[in-house]
Amino acid sequence: MKCIHLVTAMGLAMFAASPAWALPESAEMHVSGAVTAASSCSLSISNGGAIDLGQIDIGSLNQSSSTNVGAFARTVSVTCDSPTRFALGVIDNRADTLNTARLSCGHCMAMGWTTSQRPIGFYGLAFYDDAIVDGVSRTLLLSNDLATWEVNFGLFLTPQAKVPSSNGRHFVAAAEPSTTLVIAATTMSIQFYADVFLESRETMAITQQTPIDGNSTLEIIYL
């Protein structure tokens with residue numbers, strides 16, 4: 001209360017000292033600028049990140065179990081304007097269309113619904129190969145918390161919104177030589193595999209052509 005009274009009294013005194021004819025004057029102040037990362041990185045996926053399964057005859061799929069229609073190799077490439085420590089994560093943009101029977105599969109990402117809102121399929125992103133960092137092969141690291149990293153091959157990348165499965169991890173990065181520390185990289189490329197499955201004929205129960213609509217986002221996380 002003392003502070004409030006003091007400010008009020010000062011305001012009255014200053015007003016009283018002003019000429020009666022003086023108009024109030026004001027000026028605007030703007031605070032602007034931008035907050036940027038210490039370095040900026042860009043990301044791309046080979047073939048534009050697209051996998052086209054073409055026309056699939058429903059009769060070629062299993063009646064009561066899912067069908068693996070292939071593992072498709074793609075390469076994710078990152079370029080930074082200076083050496084930067086970063087990891088990669090994935091977000092499933094069709095998570096609400098996943099078959100509820102697959103919810104225990106931490107790495108499974110969905111591929112849309114049929115017209116009657118039945119799940120079409122699922123896929124996972126598997127990382128088996130070393131990363132190529134600034135032209136040199138480096139060990140792959142995986143983590144669930146961006147703090148503790150481990151060397152482990154053949155694991156799937158788990159969507160960040162899901163609880164990790166026993167064979168999945170939220171994040172992937174490249175290691176400094178002979179360590180489990182994430183390396184600062186200017187360029188990095190990693191080949192991965194999209195392992196794709198279509199649901200059974202019973203599950204989809206389609207009677208007309210149905211588009212497959214898997215969609216996910218690989219993103220850079222600065223460390």
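**Disulfides, confidence and a ring pair**

Cys 105 and Cys 108 form a disulfide, with 2.0 Å between their sulfur atoms; a disulfide here is a pair of cysteine sulfur atoms within 2.5 Å. The torsion about the S-S bond of Cys 105 and Cys 108 is about 80°, so this disulfide is right-handed. Cys 105 and Cys 108 are each buried, where buried means under 20% relative accessible area, exposed over 50%, and partly exposed in between, using a 1.4 Å probe and protein chains only.

Before going on, this is a predicted model: local features need pLDDT of at least 70, side-chain atom pairs count only at pLDDT 80 or more, and totals for chains, interfaces and linings use all residues. Residues are numbered from 1 along each chain as its sequence is written, and side-chain values use heavy atoms, leaving out hydrogens and water.

How many disulfides does the rule give? The count is 2. Another disulfide joins Cys 41 to Cys 80, S to S 2.0 Å. Cys 41 sits in strand 1 (residues 41-45) and Cys 80 in strand 2 (residues 67-92), 39 residues apart, so the pair links distant parts of the chain; strands are DSSP runs of E, at least two residues, numbered from the N terminus. Cys 41 and Cys 80 are both buried.

On confidence, the chain averages a pLDDT of 86, pLDDT being the predictor's confidence in each residue, from 0 to 100.Phe 122 and Phe 197 form a stacked aromatic pair, 5.1 Å centre to centre and 5° between planes (Phe, Tyr and six-membered Trp rings, centres within 6.5 Å; under 30 degrees stacked, over 60 edge-to-face, the rest tilted).

Notes. Helix = DSSP H or I, 4+ residues; strand = E, 2+ residues; numbered from the N terminus.
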